[in-house]
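Take a look at the model below.

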Amino acid sequence: MDQRIRHFLLILLICSLANLSAQQKFTISGTISEAASNETLIGVSLVVPELRTGVTTNEYGFYSLTLPKGNYEIQISYLGFKDIRQTITLDKDLKINFQLEEQAEVLEEVTLTEDVEKLNIRKPQMSVNALAAQTIKQIPVVLGEADVVKSILLLPGVTNAGESSSGFNVRGGAADQNLILLDEATIFNSSHLFGFFSVFNPDAIKDVKLFKGGIPSRYGGRVSSVLEIFQKEGNSKEFQVNGGIGAVASRLLAQGPIVKNRAAFLVGGRASYAHLFLPLIDIDNKAYFYDLNTKLNYRINERNNIYLSGYFGRDLFSISDNFVNVYGNAVLNFRWNHLFSSRLFSNLSLIYSDYFYGLELDFVGFEWDSGIQNFNIKYDLKHYLSENLQINYGLNNIYYRFNPGKIVPNSPDSGILEEQLIEKYANEFAAYVDIEHNLSDKLSLQYGLRISHFLRLGQDELNVYLNNNPVIFDPFTLTYREAEPIDVINPGRGANLANFFNLEPRFAFSYSFDQDNSVKGSYTRIAQYLHLLSNTSSPTPLDVWTPSGPFVEPQLLDQYALGYFKNIKGGDYTLETEVYYKDIQNRIDYIDGANLIANNAIEQVILNGEARAYGWEILFRKNTGRFNGWLSYTLSRSEQRTPGREPTSDNGRTNQETGINRGQWYNTPFDKTHDITLFGNFELNQKWRFNANFTYQTGQPTNYPIGQFEFQGITIPYYGLRNQERLPDYHRLDLSATLTPKKNKQRKLQGEWVFSIYNVYNRRNAASINFRRNQDTGVNEAVRTSIFGIVPALTYNFKF
């Protein structure tokens with residue numbers, strides 16, 4: 001199979017290169033930025049209608065388009081900005097930098113040009129959703145704080161485990177199967193306050209893009225999705241401040257030039273303060289977060305730019321100082337853009353990422369620290385060979401250090417002994433090539449290959465088991481239990497404990513029937529070498545990351561997707577519908593009663609299983625006019641199973657394992673059969689804007705007791721197979737209104753008031769259902785736990 005793929009890619013590449021010199025051609029290249037701030041813009045469309053071709057700007061605002069010699073009209077379009085139409089004479093290579101002006105705030109309908117929409121229809125990239133920063137700020141959310149993660153939950157195929165749950169799930173995948181990148185740096189925990197807020201400051205965000213399928217080969221390491229977020233670069237023309245004051249948190253962002261039109265800075269911070277009012281009502285608990293976003297950029301010359309960006313965030317939760325929990329992310333990224341020629345763009349990134357988790361239990365007498373660090377170097381190149389052929393290629397190497405946990409006594413008389421769980425180390429290398437190829441006006445391809453290699457490095461101690469089997473199946477009780485090590489060896493840091501090598505081909509196509517209709521398909525194979533150890537439906541800070549190794553295989557994804565895409569009324573409306581099927585090998589599963597916390601031999605409680613997910617997604621958008629928004633629907637299924645391993649022989653008997661859950665498929669905690677979301681934005685006039693979103697989801701899979709028995713006067717419930725029951729269906733309606741005073745236009749300080757109501761009809765959605773015996777009647781009863789009812793909020797946003 002791998003040989004055929006290589007031959008196929010080689011033939012396509014040779015055929016393309018053969019046509020490059022068919023006629024004399026020249027290149028127009030440059031950057032496209034915002035006129036008011038010099039902020040480069042991502043995804044701007046530059047189109048040549050006469051040739052029915054075009055290009056979009058990359059992550060740094062750069063574009064390059066090679067065309068035959070001649071005179072052309074070019075059109076440049078970007079939502080929210082005025083279009084540019086310009087005639088050029090292309091008889092030599094041209095370098096032109098364009099600056100776009102913001103669209104005036106008028107209520108007349110703004111219609112995108114047909115050619116820009118036609119270009120999107122033709123692109124083979126599918127299963128991708130993008131949200132503008134302004135759209136994210138318009139979506140009503142709990143407590144009035146604009147939120148990136150809560151916003152993408154309104155997109156098809158994206159769910160989470162419920163209110164106040166951290167992370168998100170894409171197409172039936174787990175939260176740890178999402179690669180979250182902030183300025184290319186990995187974010188391991190995307191939530192503040194256990195899921196109430198995300199770690200992304202909306203004021204500092206420039207671009208948000210979610211890849212659910214057809215993932216280009218420059219990305220790897222997670223099998224469900226890639227959430228790519230880029231921060232603003234900073235205003236290099238003038239000093240600017242903006243922020244917001246909310247019910248529980250406030251934010252402030254400052255940006256401005258260091259050297260005008262050449263260098264700029266950005267500094268943004270957020271903090272919550274609701275805990276300051278708790279002592280007024282005699283509550284000695286605390287729960288707050290803070291974070292800091294920073295960025296510097298410097299244009300050395302026309303061919304070189306450097307960037308230094310960072311993020312630091314912390315959460316603190318405490319109960320009367322007896323229980324203190326601190327956790328958060330820290331990332332630092334240095335990037336160097338270099339332009340070798342008008343057709344060859346490069347970027348070198350040096351990245352440090354750290355996730356820390358700390359716990360202090362004063363009533364027990366110890367402190368607990370754990371976390372994961374990585375050091376990442378990546379080099380990416382984008383080669384614009386012609387108007388019909390672009391090649392992306394590069395290298396990436398990541399070194400990991402895993403700290404499963406360290407216990408330290410917090411007082412001399414605590415009686416606790418200091419203990420360091422075994423630290424783990426690994427290295428992940430990847431090389432990739434990704435080709436964007438227009439074969440004709442109707443058929444476009446995107447194909448590539450990623451080669452990944454994962455090396456599990458040595459550690460201080462490693463358990464050795466009989467038959468290399470850390471989990472034993474008991475044929476009498478039909479259960480799994482931990483095996484006792486027969487030896488403990490010290491391989492040392494220089495040893496290699498395991499090697500994994502994978503070829504990850506990617507392929508996508510688009511066939512356009514006409515200007516407004518196309519079908520697209522994709523195949524994606526991805527290897528994931530890191531695993532989050534968690535037996536909860538939603539990630540918690542206490543969960544621990546672990547690498548693949550001697551007893552843990554890497555997850556392998558094969559995803560297939562097919563879709564139909566249509567522009568209606570010249571792009572005023574768009575329809576996207578896709579079907580997909582995902583198959584994942586080596587999905588981790590846990591034996592019954594698995595203990596994951598402070599476990600120094602985690603291999604004793606996990607088994608390698610498999611997972612699958614399939615579904616149908618529909619997204620209908622209204623893109624223009626005073627009223628716009630979207631309706632999305634997803635019908636899906638997400639399952640996993642862990643069948644019994646190969647039969648083993650024990651004293652002449654053959655032990656046939658039953659597997660977990662009797663080896664049967666069962667619903668994952670992320671299975672949501674139906675998911676409907678509706679978002680609408682209505683501009684009544686220049687003073688008032690209204691927003692609403694409605695969400696309905698099938699209840700989350702869970703376990704209820706199917707019976708009970710008495711033991712020594714104690715009633716003990718017992719359960720059936722996994723995840724056979726469901727919580728009640730989830731639904732809610734959110735509303736918001738934004739008031740922009742007319743006097744804003746006459747003064748430098750501009751402000752707006754945002755009034756929001758979360759869960760308008762006070763639906764008590766179940767976060768969990770527990771069972772207990774009523775102390776008065778002695779009858780068993782179910783108790784529903786809900787997080788939020790109706791929550792009104794008021795936020796004031798300002799800028800000057």
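Among the elements, strand 35 (residues 517-528) has the highest mean pLDDT, at 96. Helix 2 (residues 114-122) has the lowest, at 50. Over residues 105-119, pLDDT stays under 50. The model still has 38 contacts beyond four places in sequence for residues 105-119. Where pLDDT is low, the predicted coordinates should not be read in detail.

Now the surface. A nonpolar patch is formed there by I258, V259, L296, L308, L332, F334, W336, L350 and I377. Together these residues have about 750 Å² of accessible area. Two elements give two or more residues to the patch: strand 19 (249-259) and strand 23 (323-341). Strand 23 gives the most, with three residues.

One patch member leads on to another strand. L308 lies in strand 22 (residues 304-319). Its relative accessible area is 36%. That value falls between the cut-offs of 20% and 50%, so L308 counts as partly exposed.

S318 is also found in strand 22. Is S318 buried or exposed? Its relative accessibility is 2%, which is under the 20% cut-off, so S318 counts as buried. What is S318 in contact with, leaving aside neighbours within four places in sequence? The partners are N285, K286, F323 and V324.

Terms used: Residues numbered from 1 in each chain as written. Predicted model: local features only at pLDDT ≥ 70, side-chain atom pairs only at ≥ 80, totals over all residues. Heavy atoms only, no water. Patch = residues over 30% accessible without salt bridge, like charges linked within 9 Å, V, L, I, M, F, W, Y side chains within 5 Å. Areas by Shrake-Rupley, 256 points an atom, 1.4 Å probe, with all protein chains shown as cover. Salt bridge = Lys/Arg side-chain N within 4 Å of Asp/Glu carboxyl O. Helix = DSSP H or I, 4+ residues; strand = E, 2+ residues; numbered from the N terminus. Buried < 20%, exposed > 50% of the residue type's maximum accessible area, 1.4 Å probe, protein only. Contact = heavy atoms within 4.5 Å. pLDDT = per-residue confidence, 0-100.
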